[in-house]
Amino acid sequence: MTWSPDCLDEAIENGYFDRDVCVPGRITKDSWYLGGPAHLIGIGTYYAAGIMEQVADNRGMSLDGFRDGVALMSPADLGKTVWLRRPGEGWEGPFLVVDCSGRLDMFVNTGINGMVVEVGHETAADWGLAGGINGIEVFKGSSPPNGSRATFYRTWWLARVQFESPTGGTP
């Protein structure tokens with residue numbers, strides 16, 4: 001018998017709705033912690049005014065010495081220094097990773113929407129963003145890369161994501 005998601009029952013392992021998408025179950029903790037290669041590319045979005053700073057403060061993280069805080073998708077990257085490059089621009093930073101996707105949000109953020117980073121509101125305003133940014137690169141390290149090649153985070157992550165076993169079967 002083939003298993004298929006049931007987003008209408010009460011068992012989250014069988015599937016659930018997230019922003020009108022039927023997610024085929026809860027990802028494993030290991031999948032949530034897949035931070036990925038050092039050099040990534042994907043979609044970027046941004047936080048509302050003041051939220052990134054509040055998240056950093058709530059986590060006891062200082063943004064002193066950093067251009068801004070950012071959110072990467074995995075909690076494995078919290079506290080890391082990253083550099084960002086918009087299409088056609090040079091590397092900018094350093095940024096501090098102060099937030100990540102929630103475990104129940106990661107499949108939609110990464111697997112469906114292809115997100116790799118969310119920047120603070122001030123950075124988005126400096127860049128003149130009115131929406132998302134396609135093809136933004138993220139490099140995890142103390143300085144910008146010299147000649148490395150970016151990996152599409154969505155593709156990399158989807159090839160590795162695993163789900164908790166659903167009640168009554170195996171996906």
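**Close-up views of a predicted model**

Cysteine 7 counts as buried because its relative accessibility, 11%, is under the 20% limit. This residue belongs to a predicted model, as do the others in the views below.

**View 1. The disulfide of cysteine 7 and cysteine 22.** The sulfur atoms of the two residues lie 1.9 Å apart. The link is right-handed, with 85° about the S-S bond. It joins distant parts of the chain: cysteine 7 sits in the segment before strand S1 (16-18), and cysteine 22 in strand S2 (residues 21-23), 15 residues apart. Cysteine 22 is partly exposed, at a relative accessible area of 34%, whereas cysteine 7 is buried. A search of the whole structure finds one disulfide. Cysteine 100 is buried as well, with a relative accessible area of 14%.

**View 2. Strand S6 and its pairing with S4 and S5.** S6 spans residues 91-99 and is mostly covered, seven of its nine residues being buried. Strand S4 (residues 68-72) pairs with S6 in the parallel sense, over four bridges. Within this pairing, alanine 71 has aspartate 99 of S6 as its bridge partner. Strand S5 (residues 81-85) runs antiparallel to S6, and four bridges join the two. Glutamate 92 in S6 stands opposite leucine 84.

**View 3. The hairpin of S5 and S6.** Five residues lie between the two strands. Glycine 88, in this hairpin, takes a positive phi near 80°.

**View 4. Helix H2 and its buried face.** H2 covers residues 51-58, and its buried residues are Met52, Val55 and Ala56. Seen down the helix axis, these residues fall within an arc of 100°, so they line one face of H2. The exposed residues Asp57 and Asn58 are carried on the face turned away from the buried side. Among the elements that cover the buried residues of H2 are S4, S6 and strand S7 (115-119).

**View 5. Proline 166 and glycine 25.** Proline 166 lies in the segment after helix H5 (153-158). At 6% relative accessibility, proline 166 counts as buried. Glycine 25 is 141 residues from proline 166 in sequence, yet the C-alpha atoms of the two are 7.1 Å apart in space.

Methods: Residues numbered from 1 in each chain as written. Predicted model: local features only at pLDDT ≥ 70, side-chain atom pairs only at ≥ 80, totals over all residues. Heavy atoms only, no water. Buried < 20%, exposed > 50% of the residue type's maximum accessible area, 1.4 Å probe, protein only. Pairing = 2+ DSSP bridges. Arc of directions from axis to C-beta. Contact = heavy atoms within 4.5 Å. Disulfide = S-S within 2.5 Å.
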